[in-house]
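Please keep the sequence and coordinates at hand while reading.

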Amino acid sequence: MILTMDNVSKKYRNKLAVKEVSLELSSGGVYGLLGPNGAGKTTLLRMIVDISKPTSGQILLNGQSIQNMGDRYRSLLGYMPQRFGFYNRFSAYKFLMYMCSLKGIGISQASARVQETLVTVGLENQAQHKIRTFSEGMKQRLGIAQALLNDPQILILDEPTAGLDPKERIRFRNIIGELGRDRIVMLSTHIISDLEFSCKEMILLNEGQLIAHNTPEEIMNRMKNNVWKAKLNPQQLADLTSHFKVSGLSYESDGIVARILAKEQPVPQAVRESPRLEDVYMHYFGEETKS
Ligand SMILES: Nc1ncnc2c1ncn2[C@@H]1O[C@H](COP(=O)(O)OP(=O)(O)OP(=O)(O)O)[C@@H](O)[C@H]1O
């Protein structure tokens with residue numbers, strides 16, 4: 001299955017939220033859509049799930065325009081929006097049964113599908129608990145469960161890790177990694193560590209534009225000579241931050257250890273470091289401190 005974005009743009013009045021994005025997504029992997037707030041991630045995802053139409057360009061599934069596919073396309077989709085309204089007085093089970101009816105899943109299959117999805121997201125023991133008693137992580141997992149009810153081949157998750165604590169984040173990542181094995185999964189985030197798991201490709205979006213699209217290894221590899229580590233005094237640090245991006249600082253008793261992004265050795269004591277995802281984020285989205 002191949003989902004293609006062909007020169008897709010979206011304009012809201014005078015705001016161009018997505019600018020000529022071309023991408024190809026295929027089954028069997030998680031695509032991480034990364035960008036700061038306002039980059040256009042939600043706008044792009046809403047066009048992929050056919051809630052909103054591109055102002056120009058088109059989205060194709062196996063070469064066919066999704067707009068011409070209608071319900072046939074929607075039956076392949078699972079979507080977890082950024083802000084998901086739950087029925088807090090419902091139990092998880094009842095909520096999912098209700099979502100089945102909205103999605104047109106017949107009563108004969110619904111109960112079995114609900115059980116299966118509860119197991120997938122690890123909520124089978126809380127099936128009869130009221131949603132209002134759930135932690136944020138449990139609610140997010142329930143959000144995935146509702147997106148999975150129709151066994152979608154294309155799963156779109158908008159900031160699914162927002163509000164999760166580190167333990168819940170790890171659990172969530174494992175579930176998503178597993179789901180990505182045989183579908184197209186795309187998740188948006190502005191948190192780089194969400195993409196530390198085996199993400200097939202990272203899609204970097206800034207101000208509506210696609211600025212990089214590749215495997216995490218290749219994206220990091222491109223920066224391999226540009227990450228440096230140096231111990232600095234406060235004055236050196238102040239001087240450096242006015243010229244270079246700094247992607248990490250740790251304070252030690254005899255100085256400040258900084259990770260610096262620079263093409264050339266920024267100070268004589270700097271040594272090269274292997275790039276990490278934080279460096280990638282800083283390189284593409286970080287702001288240089290202007291003196
Ligand atoms: N319905 C709308 N009308 C007008 N402008 C909009 C609308 N929706 C989004 N925008 C603008 O389009 C740009 C992209 O917004 P979008 O929500 O897609 O970004 P995002 O990357 O998902 O950000 P966030 O992480 O904050 O959700 C922003 O400048 C936003 O203000």
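The model is predicted; local features require pLDDT of at least 70, side-chain atom pairs count only at pLDDT 80 or more, and totals for chains, interfaces and linings use all residues. Residues are numbered from 1 along each chain as its sequence is written. Helices (H or I, at least four residues) and strands (E, at least two) are DSSP runs, numbered from the N terminus.

**Ligand shell**

Around the ligand lie Tyr12, Lys15, Ala17, Gly35, Asn37, Gly38, Ala39, Gly40, Lys41, Thr42, Thr43 and His190, where a residue is near a molecule if its C-beta atom, placed from the backbone, lies within 6 Å of it. Strand S2 (15-26) and helix H1 (41-48) are the elements that give two or more residues to this shell. The largest share, three residues, comes from H1. By class, the shell has three nonpolar, seven polar and two charged residues; Ala, Val, Leu, Ile, Met, Phe, Trp, Tyr, Cys and Pro count as nonpolar, Asp, Glu, Lys and Arg as charged, and the others, Gly among them, as polar.

Strand S1 (residues 2-12) pairs with S2 in the antiparallel sense over eight bridges; strands pair if DSSP finds at least two bridges between them. Tyr12 stands opposite Lys15 in S2, and both residues belong to the ligand shell. Two residues separate the strands of this hairpin, in which Arg13 takes a positive phi near 45°.

**The four-stranded sheet**

An open, antiparallel sheet is formed by four strands in the order S12-S13-S11-S14. Strand S12 (245-252) and strand S14 (271-272) stand at the edges with a single partner strand each, so one side of each has no neighbour in the sheet. Seven bridges join S12 to the antiparallel strand S13 (residues 255-261), and Lys245 stands opposite Leu261 in S13. Two helices pack on this sheet: helix H9 (residues 234-241) touches strand S11 (227-232), S12 and S13, its direction making about 15° with that of S13, while helix H10 (residues 277-285) touches S11, S12 and S13, its direction making about 130° with that of S12. Contact requires C-beta atoms, placed from the backbone, within 7 Å. Axes are lines fitted to C-alpha atoms, for helices over the stretch in contact, and angles run from 0 to 180 degrees between N-to-C directions.

**Helix H6**

Helix H6 (residues 136-148) has 13 residues and reaches 19 Å from its first C-alpha to its last, close to the expected 18 Å, the expectation being 1.5 Å times one less than the number of residues. Its buried residues include Gln140, Arg141, Leu142 and Ile144. Their cover includes strand S6 (77-80), helix H4 (92-102), helix H5 (107-120), strand S7 (154-158) and helix H7 (166-179).

**Selected residues**

A residue is buried if 20 or more other C-beta atoms lie within 10 Å of its own, exposed if 12 or fewer, and partly exposed in between, with C-beta atoms placed from the backbone. The table applies these classes.

| Residue | C-beta atoms within 10 Å | Class |
|---|---|---|
| Ser193 | 15 other C-beta atoms | partly exposed |
| Glu20 | 15 other C-beta atoms | partly exposed |
| Asn62 | 9 C-beta neighbours | exposed |

Ser193 is found in the loop between strand S8 (184-189) and strand S9 (201-206). Glu20 is in strand S2 and has a positive phi near 45°. Asn62, in the loop between strand S4 (56-61) and strand S5 (64-65), likewise has a positive phi near 45°.
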